Amino acid sequence: MAGMTCGHCVSSVSEELARLDGVSDVQVALVPDGLSTVTVYSAGEVNREAVRAAVSEAGYELTT
């Protein structure tokens with residue numbers, strides 16, 4: 001994920017992703033001004049486009 005620089009960024013992305021159906025937890029390894037890693041935990045498969053849309057809604061870009 002690109003564009004995150006601080007804890008507020010992490011909170012914004014985490015909140016949007018946590019709203020997706022089935023998501024039980026979100027963990028972010030922040031790399032300011034680099035590519036941060038976001039891990040989404042769920043009981044089942046989460047739609048990739050829904051994840052992309054949630055990240056975009058938070059104002060960031062999913063890079064992979």
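What radius of gyration would a compact globule with 64 residues have, and what does the protein chain have? The rule gives a value near 11 Å, and the protein chain has 11 Å, which agrees. The radius is taken over C-alpha atoms, and the globule rule is 2.2 Å times the number of residues to the power 0.38. Along the principal axes, the C-alpha atoms fill a box of roughly 30 × 20 × 15 Å.

The model is predicted: local features need pLDDT of at least 70, side-chain atom pairs count only at pLDDT 80 or more, and totals for chains, interfaces and linings use all residues. Residues are numbered from 1 along each chain as its sequence is written, and side-chain values use heavy atoms, with hydrogens and water left out.

The protein chain has 2 helices and 2 strands, and their order along the sequence is α-β-β-α. These elements are DSSP runs numbered from the N terminus: helices are H or I with at least four residues, and strands are E with at least two. Of the 64 residues, 31% count as buried. Here buried means under 20% relative accessible area, exposed means over 50%, and partly exposed lies in between (1.4 Å probe, protein chains only). The chain exposes about 4000 Å², of which carbon and sulfur atoms supply 48%. Accessible areas come from the Shrake-Rupley method with a 1.4 Å probe, and for residues only the protein chains shown count as cover. Among contacts (heavy atoms within 4.5 Å) with a separation of 6 or more, 51% are between residues 24 or more positions apart.

Helix H1 covers residues 7–18. At 1.5 Å a residue, its 12 residues should span 16 Å, and the end C-alpha atoms are 16 Å apart, which agrees. The expected span is 1.5 Å times one less than the number of residues. The buried residues of H1 are Cys9, Val10, Ser12, Val13, Ser14, Glu16 and Leu17. Their cover includes strand E1 (23–29), strand E2 (37–42) and helix H2 (48–57).

In soluble globular proteins, nonpolar side chains tend to be buried together.

What is leucine 17 in contact with, leaving aside its neighbours within four places in sequence? With those neighbours set aside, leucine 17 is in contact with Val23, Val26, Val38, Val40, Val51, Ala54 and Val55. Valine 13, in helix H1, is buried, with a relative accessible area of 1%. Outside four places in sequence, valine 13 is in contact with Met1, Met4, Ala58 and Tyr60.

Cysteine 9 is buried, with a relative accessible area of 5%, whereas cysteine 6 is partly exposed at 32%.

The loop between E1 and E2 holds aspartate 33 and glycine 34. Aspartate 33 is exposed, with a relative accessible area of 72%, and its phi is near 60°, a positive value in a residue other than glycine. Glycine 34 is partly exposed at 23%. Leaving aside neighbours within four places in sequence, glycine 34 is in contact with Met1, Ala2 and Gly3. Glycine 34 and methionine 4 are 30 residues apart along the chain, and their C-alpha atoms are separated by 7.7 Å.

Glycine 59 lies in the segment after H2 and is exposed, with a relative accessible area of 55%. Glycine 59 and glycine 3 are 56 residues apart in sequence and 8.5 Å apart in space, C-alpha to C-alpha.
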